[in-house]
Amino acid sequence: MNILLTGGAGYIGSHVVLALLDSGHSVHIIDDLSTGHENLIPDKAKFTRCNIQDVKKITKIISNNKFDAVMHFAGLIQVEESVNFPNKYFLNNTEYAIKLFDTCITNGLNNIIFSSTAAAYGFGKDNIINEETNLNPQNPYAESKIKTEEYLINNKNN
């Protein structure tokens with residue numbers, strides 16, 4: 001498989017890249033390196049430095065490659081910062097992600113894997129959380145991820 005992966009220079013994204021490469025897949029990483037580290041990008045992966053809202057650059061990447069899926073790991077993750085600057089998180093984690101997904105879909109890349117967060121479930125009485133657990137976000141970071149999930153759920157047939 002040929003995968004377009006956002007946030008491949010971050011902690012989780014870089015580990016997913018390594019697992020994909022070890023499994024024989026091809027990976028093209030896009031990352032703006034605002035929070036990621038270029039030294040985490042393996043030589044075997046293709047890399048383009050850009051933000052997920054860069055429609056022109058991402059359109060060109062998609063049109064020049066035949067991707068089987070996009071895996072989205074890019075995003076801001078600092079809970080305290082999200083409390084202090086919630087609009088920054090809704091812009092980056094929700095609006096820019098939606099722009100990325102719309103760009104992918106417009107260009108025929110319809111298989112989307114979105115990395116959300118367990119923070120969407122907040123703090124509960126039980127330590128057991130599954131997808132049936134009620135959402136209970138405690139901060140704008142978690143809320144921004146939920147809004148992105150909701151967009152994908154509500155637009156999955158478009």
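Student: Why does Gly 8 count as buried?

Tutor: This is a predicted model, and the values discussed here are computed from it. A residue is called buried when its relative accessible area is under 20%. Gly 8 has 0% relative accessibility, and therefore it counts as buried. Gly 8 is placed in the loop between β1 (2-6) and α1.

Student: Which residues is Gly 8 in contact with, leaving aside its neighbours within four places in sequence?

Tutor: Contact requires heavy atoms within 4.5 Å. On that basis Gly 8 is in contact with Gly 13, Ser 14, Val 17, Ile 29, Ile 30, Asp 31, Leu 40 and Ile 41. As for His 28, its C-alpha atom is 8.7 Å from that of Gly 8, and the two residues are 20 apart in sequence.

Student: What makes Leu 33 buried?

Tutor: The cut-off is again under 20%. Leu 33 has a relative accessible area of 15%, so it is buried. Leu 33 belongs to the loop between β2 and β3 (46-49). Its phi is positive, at about 60°, although Leu 33 is not a glycine.

Student: Why does Ile 58 count as buried?

Tutor: Ile 58 has 1% relative accessibility, and it therefore counts as buried. The residue is found in helix α2. Not counting residues up to four places away in sequence, Ile 58 touches Ile 30, Cys 50, Asn 51, Ile 52, Leu 100 and Thr 103. Between the C-alpha atoms of Ile 58 and Glu 38, which are 20 residues apart along the chain, the separation is 19 Å.

Student: How do α2 and α4 meet, and which residues take part?

Tutor: Val 55, Ile 58, Thr 59 and Ile 62 in α2 meet Lys 99, Leu 100, Thr 103 and Cys 104 in α4. By class, the residues of this contact are five nonpolar, two polar and one charged. Helix α2 (residues 55-63) and helix α4 (residues 86-106) pack at an angle of about 35°, and their axes are 10 Å apart.

Student: Is the crossing of α2 and α4 left-handed or right-handed?

Tutor: The crossing of these two helices, α2 and α4, is right-handed.

Student: How do you know that Asn 93 is buried?

Tutor: The relative accessible area of Asn 93 is 3%, so this residue is buried. Asn 93 lies in helix α4. Among residues beyond four places away in sequence, Asn 93 touches Gly 75, Leu 76, Tyr 141, Ser 144 and Thr 148. Asn 93 and Asp 54 are 39 residues apart along the chain, and their C-alpha atoms are separated by 14 Å.

Student: What lines the largest pocket, and which residues lie nearest its centre?

Tutor: The lining comprises 27 residues, and Thr 35, Phe 73, Ala 74, Gly 75 and Ile 77 lie nearest the centre of the pocket. Two or more residues of the lining come from each of α1 (11-22), β2 (26-31) and α5 (140-154). The most is given by α1, with three residues.

Student: What is the volume of the largest pocket, and how do its lining residues divide by class?

Tutor: The volume of the largest pocket is about 520 Å³. Its lining divides into eleven nonpolar, twelve polar and four charged residues.

Methods. Residues numbered from 1 in each chain as written. Predicted model: local features only at pLDDT ≥ 70, side-chain atom pairs only at ≥ 80, totals over all residues. Heavy atoms only, no water. Axes fitted to C-alpha atoms, helices over the stretch in contact; angles between N-to-C directions. Helix = DSSP H or I, 4+ residues; strand = E, 2+ residues; numbered from the N terminus. Left-handed = near helix turned anticlockwise from the far one by under 90°. Nonpolar A, V, L, I, M, F, W, Y, C, P; charged D, E, K, R; others polar. 1 Å grid on protein atoms, 1.4 Å probe; cavity = no way out; pocket = protein on both sides within 12 Å on 5 of 7 lines; lining within 4 Å. Points joined across faces, edges and corners; volume = space filled by probe spheres on them. Buried < 20%, exposed > 50% of the residue type's maximum accessible area, 1.4 Å probe, protein only.
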